[in-house]
Amino acid sequence: YDLSLGREFSFFSMMIGIKKRVGFDYKGRGLFLTQKRKLKGYAEKPVADIQLELLNDGRVDKPVALSLSLAVSDTAKSEANAFLKKDGVQDDRPILALAPGGGKSWGQNAKYKQWDAEYFARVSNVLNKTHPHRVCFMGDRSEEGLLRQVQSLLETRTVMVAGESIPVVSALLQKAWLLLCNDGGLLHLADALGVKTVSIFGPVDEK
């Protein structure tokens with residue numbers, strides 16, 4: 001299975017003798033695929049769903065309805081609980097997950113996919129008046145400065161989750177009543193976990 005939208009992997013797969021090569025024919029690049037699905041671009045539905053449809057194309061038995069869902073292990077849940085307890089979160093107040101970073105696929109232009117830090121803080125402060133909550137900041141280690149910037153503008157207690165493992169982040173996301181984020185990896189992870197999301201899209205098609 002080739003999800004790259006290029007032609008290199010299918011070419012080398014052919015050269016080393018892999019007989020069945022399933023992938024997307026994007027801009028005519030499916031030349032070396034034995035089974036291909038025409039793709040004009042990722043639109044109308046999440047990328048993961050489109051890729052799951054491709055996985056179905058290559059099945060030798062009867063196609064089935066595939067869906068993206070993730071299971072969080074008990075170990076990850078225990079680690080997440082310990083993480084929260086360490087930060088003094090021991091009550092039942094709902095957790096609002098905030099991810100003001102993201103957009104790393106845009107490299108140096110990632111900032112164009114990121115909503116202003118002040119807006120994230122403003123939304124949290126307004127929500128806190130009607131739905132008291134704690135904020136759980138999420139991002140990678142390099143975004144800690146940005147997370148701290150938003151943290152300084154909040155009127156509620158916060159938990160910082162910068163650079164933690166995917167299983168622990170997944171377990172923490174499952175505890176959140178909502179994730180407010182930019183268009184990025186955490187949005188897709190939360191969606192796969194069944195977490196409610198509100199996402200801010202920059203100069204890309206939200207479809």
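Lys86 lies over the face of Phe83, at 4.7 Å from the ring centre, where a charge counts as sitting over a ring if NZ of Lys or CZ of Arg is within 6 Å of the ring centre and within 35 degrees of the ring normal. This is a predicted model, in which local features need pLDDT of at least 70 and side-chain atom pairs count only at pLDDT 80 or more, while totals for chains, interfaces and linings use all residues. Residues are numbered from 1 along each chain as its sequence is written, and side-chain values use heavy atoms, with hydrogens and water left out.

Rings of Phe, Tyr and Trp (its six-membered ring) pair if their centres lie within 6.5 Å, with planes under 30 degrees apart counted as stacked, over 60 as edge-to-face and the rest as tilted; by this rule there are 5 aromatic pairs. The rings of Phe11 and Phe12 have centres 5.3 Å apart and planes at 70°, so this pair is edge-to-face. Phe11, Phe12 and Phe32 form one aromatic cluster. Buried means under 20% relative accessible area, exposed over 50% and partly exposed in between (1.4 Å probe, protein chains only); Phe11 is partly exposed at 30%, whereas Phe12 is exposed at 54%.

Thr158 lies in strand β5 (residues 158-162), strands (E, at least two residues) and helices (H or I, at least four) being DSSP runs numbered from the N terminus. Thr158 is buried, with a relative accessible area of 15%, and, leaving aside neighbours within four places in sequence, is in contact (heavy atoms within 4.5 Å) with Val135, Phe137 and Gln151.

In helix α7 (residues 185-192), the buried residues are Leu187, Leu189, Ala190 and Ala192.
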